[in-house]
Amino acid sequence: MSFLRQLINRLLYPHTYCNDAFVKYLRRKGAVIGEKTRFISPKNCLVDEARCDYIKIGKNCCLSFASLIAHDYSWYVLKDAYNDILPDSGGDIIIGDNCFVGYRATILKGTTIGDNCIIGGGAIVKGNIPSNTVWAGVPARQICTLNEFYQKRKKNALKDAVVRRDHYQKRWGRFPTIQEMGFFAYLFLERT
């Protein structure tokens, strides 16, 4: 990214132009966020700034375009329907260590996610999610254990690498370099 673009992003988006700025901002608002936790695209994440003090995210987590909603405004309907104001106090959102929250997943108040969990893209999560599990869907449900997911990915690693290589070759008309294969590269490197 060019220097000018970085400067413009810092001015226009002072709290979301990069992961470090976003994490610092959320911590100042009261959120507890562990070391090495990262938001893939802070500008596209929605974290309930009004109730940051209810949000706790563990170490080494990765959140991709996620929404963390620690309170709601459903009481607003009651205000006009019953002429009564009954605001929501909010509720905890706790995410354990080493978790991934997928693209456009929404974590609602009153949710505790254990350690080593994967939340699939688009999932709507509420309640207690046990450690070492994979969840997806609306509402989210357990898809498999982390070990089952690991075994599946391990079994398909070479096949997935070939798909990536073939796609690259079709798109660019040549085989990819080790760098272009990214995380698949280790499958082709000498073992020492």
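These notebook entries record what I looked up in the predicted model shown above.

**Ground rules**

I number residues from 1 along each chain as its sequence is written.

**Entry 1: the whole chain**

I found a radius of gyration of 20 Å, whereas a compact globule of 192 residues would have one near 16 Å. That radius is taken over C-alpha atoms, and the globule rule is 2.2 Å times the number of residues to the power 0.38. I noted that the C-alpha trace spans about 70 × 45 × 30 Å along its principal axes.

Buried residues make up 35% of the 192; buried means under 20% relative accessible area, exposed over 50%, and partly exposed in between, with a 1.4 Å probe and protein chains only. The chain exposes about 12,500 Å², of which carbon and sulfur atoms supply 56%; accessible areas come from the Shrake-Rupley method with a 1.4 Å probe, and for residues only the protein chains shown count as cover.

**Entry 2: the six-stranded sheet**

I traced an open sheet of six strands with mixed pairing, in the order β2-β5-β8-β11-β14-β15. Two strands pair if DSSP finds at least two bridges between them. β2 (38-39) and β15 (141-145) each have a single partner strand, so one side of each lacks a neighbour in the sheet.

I then followed the pairs. β8 (residues 100-101) and β11 (residues 118-119) run parallel and are joined by two bridges, with phenylalanine 100 opposite isoleucine 118. β11 is joined to β14 by two bridges, also in parallel; here isoleucine 119 has tryptophan 135 as its bridge partner. β14 and β15 pair in the antiparallel sense over four bridges. In this pair, alanine 136 stands opposite arginine 141, and threonine 133 stands opposite threonine 145.

**Entry 3: the turn between β14 and β15**

I saw four residues between the strands of this hairpin, where glycine 137 takes a positive phi near 105°. Proline 139 also lies in the loop between β14 and β15, and the peptide bond from valine 138 to proline 139 is cis, with omega near -10°.

**Entry 4: the five-stranded sheet**

I traced a further open sheet, of five strands in the order β1-β4-β7-β10-β13, with parallel pairing. β1 (32-33) and β13 (128-129) stand at its edges with a single partner strand each, so one side of each is without a neighbour in the sheet. Two bridges join β10 (residues 111-113) to β13, and threonine 112 has asparagine 128 as its bridge partner there.

**Entry 5: two asparagines with positive phi**

I checked asparagine 83, which has a positive phi of about 55° although it is not a glycine. Asparagine 83 lies in the loop between α3 (75-82) and β7 (93-95) and counts as exposed at 73% relative accessibility. Asparagine 116 likewise has a positive phi of about 55°. Asparagine 116 is placed in the loop between β10 and β11 and is partly exposed, with a relative accessible area of 24%.

Note on methods:
Predicted model: local features only at pLDDT ≥ 70, side-chain atom pairs only at ≥ 80, totals over all residues. Heavy atoms only, no water.
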